[in-house]
Amino acid sequence: MPTVLILNQDTNRMERFELNWDSAMPYVTGRTLTVREFRGSSCSSFLWSDRRTLEAWNRTRAAFGRPIYVGFAFKRIWEGGHAGQSQHYAGTAFDVGQDLSAALRTTLRNTALQTRAWVYVEPAALTPTWVHFDRRAIPSACPSGGYPVLREGSRGNYVLILQDALNTLGFTGSGLDGLFGPGTRGVVQRYQRANSLTADGIVGCATWTRLTGQVVGRGQSGTTLARC
């Protein structure tokens, strides 16, 4: 049975759902996006996203007015398949419409833009055979984009990426709950010291760049939590 963690930005709380694969994702209208569809090609039964991403899906699906095939959505960072600081690892990104004609993909892309529900909709020149949209957190820690700065008190799906990566690399003790507390801060400092980074417990561009470079696509390890 899959477990889904959702950051509810309205309450600033992490919410936990125990669902079936054919259940609708939390906050999704009807059954327009099931847990199985959201997981996509990931092997994980432990998934995460946030409420605003799922509500953006609702707005896009309603405006498009027909089912949207999801080719890729969620991945855990050690599974790889996407760039180093991909929003797929945060559960905020969708690659969709691979089964549509070019004309319908254009309609879907324009629909996603017109809803203003997404932070980023990729231009057709970059994704000619699918449509990518995401609700990435802004601003990012790195000027080139990617993940936001995290520190003690942060919570949500980016903290889950951080905890997942650290545990996979053997920097254990931070759990997998999306809450950046003193325990996670201590683990971040241990990681930073081991990698000749400023050990301030703040996850900025340098720490994200080093961490994601080490863990993307490396596969699960003996210290990975909630393994496939």
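I started with the crossing of H4 and H6, which is left-handed (the near helix is turned anticlockwise from the far one by less than a right angle; clockwise would be right-handed). I'm working on a predicted model, where local features need pLDDT of at least 70, side-chain atom pairs count only at pLDDT 80 or more, and totals for chains, interfaces and linings use all residues. Residues are numbered from 1 along each chain as its sequence is written, and side-chain values use heavy atoms, with hydrogens and water left out.

**H4 against H6**

H4 covers residues 157–168 and H6 covers residues 205–215; I get an angle of about 55° between them and axes 10 Å apart. That makes the pair oblique (under 35 degrees is roughly parallel, over 145 roughly antiparallel, 65 to 115 roughly perpendicular, the rest oblique). The axes are lines fitted to C-alpha atoms, for helices over the stretch in contact, with angles from 0 to 180 degrees between N-to-C directions. Helices (H or I, at least four residues) and strands (E, at least two) are DSSP runs numbered from the N terminus.

Which residues of H4 and H6 make the contact? From H4 I listed Tyr158, Ile161, Leu162, Ala165, Leu166 and Thr168, and from H6 Trp208, Leu211 and Val215 (contact means heavy atoms within 4.5 Å). I sorted the residues of this contact by class: eight nonpolar, one polar and no charged (Ala, Val, Leu, Ile, Met, Phe, Trp, Tyr, Cys and Pro are nonpolar; Asp, Glu, Lys and Arg charged; the others, Gly among them, polar).

**H4 against H5**

Next I looked up H5, residues 182–194, which packs on H4 at an angle of about 55° with the axes 11 Å apart. H4 and H5 are therefore oblique to each other, and their crossing is left-handed. Leu162, Gln163 and Leu166 come from the H4 side, and Thr184, Val187, Val188 and Tyr191 from H5. I put that contact down as five nonpolar, two polar and no charged residues.

**Gln163**

A polar atom of the Gln163 side chain lies 3.0 Å from the backbone nitrogen of Gly178. Beyond neighbours within four places in sequence, I see Gln163 in contact with Ser174, Gly175, Leu176, Asp177, Gly178, Leu179 and Thr184.

Val70 belongs to strand E4, residues 70–72, and counts as buried at 10% relative accessibility. Leaving out neighbours within four places, the contacts of Val70 include Leu33, Trp57 and Val96.

Thr3 is in strand E1, residues 3–8, and is buried too, with 7%. Outside four places in sequence, Thr3 touches Arg16, Phe17, Glu18, Ser45, Phe46 and Leu47.

Most residues other than glycine have a negative phi, and most peptide bonds are trans. I went looking for exceptions.

- The bond from Ile138 to Pro139 is cis, with omega near 0°; I placed Pro139 in the loop between E7 (131–134) and H4.
- Tyr27 has a positive phi, near 70°. I find Tyr27 in the loop between E2 (13–18) and H1 (35–39), partly exposed at 28%.
- Ala226 has a positive phi as well, near 50°. Ala226 is in the segment after H6, and I noted it as partly exposed at 34%.

How values were computed
A polar contact is a pair of N or O atoms within 3.5 Å; within protein, one must be able to donate a hydrogen and the other to accept it, and residues adjacent in sequence count only if both atoms are side-chain atoms. Buried means under 20% relative accessible area, exposed over 50%, partly exposed in between (1.4 Å probe, protein chains only).
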